[in-house]
Amino acid sequence: SSGANVSANAAMQNWLLEVDESGVLLREYLEPLLERYDTPEQVIRLYTQSIVSTTWDKQFFADACIRLSHRLLFMKWLAAARADISPMPPAESLMQENLKGGTGGSKKELCFELVD
């Protein structure tokens, strides 16, 4: 139904604006995220280990084609969103952990073709 699409669209828009108030993420990722996922809750459920996890599964950044420069915004949002449930890991270890397991070159190229 189109009603469900409208609310999913609104939920995804609100979430992207929560992650980044400037609207950069909204412009870049709204369409690709809506093509792949129904709701922000679904994204979070699929790509975090548990309800208290403060780190994304690296597969999220690959699957959703999130640029390296934008990953920190998603990481900070998740850590802040879960901060009231669990102690927050130091940002440095969070960064290293997520940047260490970078996606393979071929996958990255594929992402940028999809985005353009």
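A search of the whole structure, which is a predicted model, finds 9 aromatic pairs, where rings of Phe, Tyr and Trp (its six-membered ring) are paired if their centres lie within 6.5 Å. One of these pairs joins Phe-60 and Phe-61, whose ring centres are 5.3 Å apart and whose planes stand at 50°, an arrangement that counts as tilted; planes under 30 degrees apart would count as stacked and over 60 as edge-to-face, with the rest called tilted. In general, a pair of aromatic rings is described by the distance of the centres and the angle of the planes. Phe-60 is buried, with a relative accessibility of 0%, and Phe-61 is likewise buried at 2%, where buried means under 20% relative accessible area, exposed means over 50%, and partly exposed covers what lies in between (1.4 Å probe, protein chains only). Ring pairs also link Phe-60 and Phe-61 into a cluster with Trp-15, Tyr-29, Tyr-37, Tyr-47, Trp-56, Phe-74 and Trp-77.

Residues are numbered from 1 along each chain as its sequence is written, and side-chain values use heavy atoms, with hydrogens and water left out. Because the model is predicted, local features need pLDDT of at least 70 and side-chain atom pairs count only at pLDDT 80 or more, while totals for chains, interfaces and linings use all residues.

**The chain as a whole**

The secondary structure of the protein chain comes to 7 helices and 0 strands, where helices (H or I, at least four residues) and strands (E, at least two) are DSSP runs numbered from the N terminus. Of the 116 residues in the chain, 37% count as buried. The chain exposes about 6,900 Å², of which carbon and sulfur atoms supply 54%; these areas come from the Shrake-Rupley method with a 1.4 Å probe, and for residues only the protein chains shown count as cover. Among contacts (heavy atoms within 4.5 Å) between residues at least 6 apart in sequence, 63% join residues that are at least 24 apart.

The search of the whole structure finds 1 salt bridge, a term for a side-chain nitrogen of Lys or Arg within 4 Å of a carboxyl oxygen of Asp or Glu. Here the side chains of Glu-28 and Arg-67 meet at 2.3 Å, N to O. Glu-28 lies in helix H2 (residues 24-36) and Arg-67 in the loop between helix H4 (58-63) and helix H5 (68-82), so the pair ties together parts that are 39 residues apart in sequence. Arg-67 is partly exposed at 27% relative accessible area, whereas Glu-28 is listed among the buried residues of H2, together with Leu-25, Leu-26, Tyr-29, Leu-30, Pro-32 and Leu-33.

Helix H2 has a kink of about 45° at Leu-30, shortly before the proline Pro-32, and this bend is the angle between axes fitted to the seven residues ending at a position and the seven starting there. Arg-36, also found in H2, is partly exposed at 33% relative accessibility.

The buried residues of H5 are His-70, Arg-71, Phe-74, Met-75, Trp-77, Leu-78, Ala-79 and Arg-82. Arg-82, with a relative accessible area of 10%, is buried, and when its neighbours within four places in sequence are left aside, Arg-82 is in contact with Ile-44, Thr-48, Ser-50, Ile-51, Val-52, Ser-53 and Thr-54. Ala-81, which is also placed in H5, is partly exposed at 33% relative accessibility.

| Helix | Residues | Span, first to last C-alpha | Expected span |
|---|---|---|---|
| H2 | 13 residues | 19 Å | 18 Å |
| H5 | 15 residues | 22 Å | 21 Å |

**Residues apart in sequence**

Leu-17 lies in helix H1 (residues 2-19) and is partly exposed at 33% relative accessibility. Leu-17 touches Gly-23 and Leu-26, not counting residues up to four places away in sequence, and its C-alpha is 9.9 Å from that of Arg-27, which lies 10 residues away in sequence. Arg-36 and Ala-64 are 28 residues apart in sequence and 7.9 Å apart in space, C-alpha to C-alpha, while Ala-81 and Thr-54, which are 27 residues apart in sequence, have C-alpha atoms separated by 8.2 Å.

Key: The expected span of a helix is 1.5 Å times one less than its number of residues.
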